Amino acid sequence: MEQAERDQERKPRGAQKKPRKVSARYLENAALHYLKRYAATVSQLKRVLVRRVDRSIRVHGGERTEALKWVDELVEKLVRNGLINDSAYAGMKAHSLRASGRSSRVIAQKLKMKGVSAEVVQQKVAEATAEVSEDDAALIWARKKRLGPYRKDTSTRKDNRQRDLAALARAGFSFGVAKKIIDSEPE
């Protein structure tokens, strides 16, 4: 076969393949495959499965309410079997974000965006803060972003003080914590 013929047979870039017809078995396989690759919350997995349902119904037609019932039943089964655990996910995510220097505000916001309940968010942020304090997290963030005492050129430190304070504020730290870190001496 010549190159020109092969080029004509290929699908254009960005063209998606036709989705499969949705069924309970198909949704279960899709969910298990997704959970093998990613840690997820209940609401994240539901969003992924509902997107698949909607795409399939657009192409093949079918009853959306029945498919959504399958999604709900599947998610309940996965929670029962321990394959999805919002509390464990939130604990892992809060711990890793805190260790990377994220503020309590940012951690809470990210967990809420993932669909974790407010009570679990509050509990897991408190646990992460018990391990790494807000000051220590701000210090980690300042070191990573080379702010304040961690600037390469210490002679420009005074000139960039406001900019560094603003960077810590955007990262979710309070003014008091930011001021303390930026005005501290290098270790």
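Reader: Where does Arg146 lie?

Author: Arg146 sits in the loop between α8 (134-145) and α9 (161-170). Helices here are DSSP runs of H or I with at least four residues, numbered from the N terminus. This is a predicted model, where local features need pLDDT of at least 70, side-chain atom pairs count only at pLDDT 80 or more, and totals for chains, interfaces and linings use all residues. Residues are numbered from 1 along each chain as its sequence is written, and side-chain values use heavy atoms, leaving out hydrogens and water.

Reader: Why is Arg146 called partly exposed?

Author: Its relative accessible area is 45%. Buried means under 20%, exposed over 50%, and partly exposed in between (1.4 Å probe, protein chains only). Arg146, at 45%, is therefore partly exposed.

Reader: What makes the phi of Arg146 worth a look?

Author: Phi of Arg146 is near 55°, a positive value in a residue other than glycine. Most residues other than glycine have a negative phi.

Reader: Where is confidence lowest, and where highest?

Author: Confidence, given as pLDDT from 0 to 100 for each residue, is lowest in helix α1 (residues 3-9), at a mean of 61, and highest in helix α6 (residues 104-113), at 96. The chain averages 90. Where pLDDT is low, the predicted coordinates should not be read in detail.

Terms used. Helix = DSSP H or I, 4+ residues; strand = E, 2+ residues; numbered from the N terminus. pLDDT = per-residue confidence, 0-100.
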